[in-house]
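Today I am opening a new notebook page for a structure I have not looked at before.

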Amino acid sequence: MLPLRAHVSVSTAALVFVIPVVVGAAIGEFTAGAVSVVAGFLIYDFLFVPPYKTLNVGTDQNWFALVVYVAVMLLVARIVDRLNAARLEALRGHEAMRRVSEVSELLVGDQPVEVLLRNIVATAQTMFNVPGVSLLELENGQLIVVASAGEPLSAEELHQLDPQSGMPIRVGTGAGSPSELRTVALSPSGRPIGILAMRGLAIAESDRALLNTFANDAALALERAELREQALRSKLLEEADRFRRGLLGAVSHDLRTPLATIKVASSTLSSRGELLSPEDSRLLHELIEIESDRLTRLVTNLLDMTRIEAGVLTLHRATTSVSDLITESIAAMGSTLNDHKIDVASPTSLPDVNIDRVLMGQVLVNLLDNAARHAPAHSVIAVKGERRGHQVVLYVADQGPGVPVGDRETIFDRFTQLSTGGRAGLGLTIAKTFVEAHGEHVWYEEVPDGGARFVVSLPTAEANR
């Protein structure tokens, strides 16, 4: 402004010197604004207040202008500084809310306890920029580190955290030395569940609320995860108990008849064998063989159920014909089907199927055994393969009483209690599981002339090419 000094009034020059004061206060807070006021005062007096190039002010009017300039500029510097501080505080608050929101989303999700513990310490280290964070829980009267991020706690620090050590340690979020170890309790609903130990926490007053919020969120998330796992364990125990009771009921249901039959037949042969005719002896031996085969199938079903529960069921597919599958399954039944007439039909035009022959053979054996147990003696059991549209199916039909309407949806479910008072065995459940493992379906159909028909869809070899 020096070239224009002759045309610029004293008051106008004072207004121009507002600019460096505002800029200084905005950039360097009040101290820089005050320095700008002093520098502006000296330049203003030396170059723009007559007489020039001296600090002599001259008239009272010039003194008044200088005093007003200093007072107004100090006030402006203070106002700008406070506005700037308020803006920075608002930004910090917004950032804190954003970080709290991110932490809440991270901690609220359904996570296993072990994963959640690691996330808590990692998030705390990142959020508060500390060299090390550890989370400790009380087990058998001792604090145990269950998760840590960054520098781990030393043996001396662990001893310091021991309530019996008698060594002082800062607790909570109050101000303290940045180098000391600080602990924050995680205690939702007033119940302590852990301690967050942080080293080198130089926390500002504005961050105390953030630390408190983080500790509360972490405590609630940890409590929620522990409660969820407890509920899951309770549910698993209930399921295991239900499975045990159902298994006992199913096994007793399937064991009672063959064991009683074997016992009576063997006792008769042992005590009265010399009095029996050759034909009667043959029938008793055959009965023992039939019921022994039935017990063998029951043991096989129990082993299969164990594989299913353990999740180790695997398929070994191979191409086979429907007629071979039927023949092998009927042969596996042995003498069990001797009291029935078997009607087998499998057109040669049926395409080969791509199946695990052992598992699908067990499916057919279970369906045949189910039919033999419920069909009247000397009745016909039909085993047939046929095409239904683009599908190849295999069915086993008997002339028994059929399945009541109310039980048809649940007959394949494990340990189903039937409306007739009995309990479904394991065979149909295992059959359904093995069929569904092939990506296929098994279902029940009513026979018009009476009886039951169980139908299985089979994957063709053509569809798997």
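Before looking anything up, I note how elements are named: helices (H or I, at least four residues) and strands (E, at least two) are DSSP runs, numbered from the N terminus. I am working with a predicted model, where local features need pLDDT of at least 70 and side-chain atom pairs count only at pLDDT 80 or more, while totals for chains, interfaces and linings use all residues. Residues are numbered from 1 along each chain as its sequence is written, and side-chain values use heavy atoms, with hydrogens and water left out.

**Entry 1: the whole chain**

I looked up the elements and found 10 helices and 12 strands in the protein chain. The chain has 465 residues, of which 39% count as buried (under 20% relative accessible area; exposed is over 50%, partly exposed is in between, with a 1.4 Å probe and protein chains only). I then checked contacts, meaning heavy atoms within 4.5 Å. Among those between residues at least 6 apart in sequence, 65% join residues at least 24 apart.

**Entry 2: confidence**

Next I looked at pLDDT, the predictor's confidence in each residue, from 0 to 100. Its mean over the protein chain is 78, and 81% of the residues reach 70 or more. Where is confidence lowest and where highest? It is lowest in strand β3 (residues 170–171), at a mean of 48, and highest in strand β12 (residues 452–458), at 93. I also noted that pLDDT stays under 50 over residues 168–176, for which the model has 25 contacts beyond four places in sequence.

**Entry 3: Leu-136**

I found Leu-136 in strand β1 (residues 132–139). Is Leu-136 buried or exposed? It is buried, because its relative accessible area is 1%. Beyond its neighbours within four places in sequence, I see Leu-136 in contact with residues including Leu-143, Ile-144, Val-145, Gly-194 and Ile-195. I also looked up Thr-183, 47 residues away along the chain: its C-alpha atom and that of Leu-136 are separated by 10.0 Å.

**Entry 4: two loop residues**

Pro-347 is in the loop between β7 (341–345) and β8 (353–355). With a relative accessible area of 39%, Pro-347 is partly exposed. Its C-alpha atom is 7.0 Å from that of Glu-386, 39 residues apart along the chain.

His-378 sits in the loop between α9 and β9 (380–388). His-378 is exposed, with a relative accessible area of 60%. I noted its phi, near 65 degrees, as a positive value in a residue other than glycine.

**Entry 5: α9 and α10**

I looked up how α9 packs with helix α10 (residues 426–437): the angle is about 150 degrees and the axes are 9 Å apart. Axes here are lines fitted to C-alpha atoms, for helices over the stretch in contact, and angles run from 0 to 180 degrees between N-to-C directions. So α9 is roughly antiparallel to α10 (over 145 degrees; under 35 is roughly parallel, 65 to 115 roughly perpendicular and the rest oblique). Among the residues making the contact are Leu-359 and Val-363 of α9 and Ile-430 and Phe-434 of α10.

**Entry 6: α8 and α9**

Helix α8 (residues 322–332) packs against helix α9 (residues 357–374) at about 60 degrees, with axes 9 Å apart. Therefore α8 is oblique to α9. I listed some of the residues that meet, including Leu-325 and Ile-326 in α8 and Leu-364 and Leu-368 in α9.
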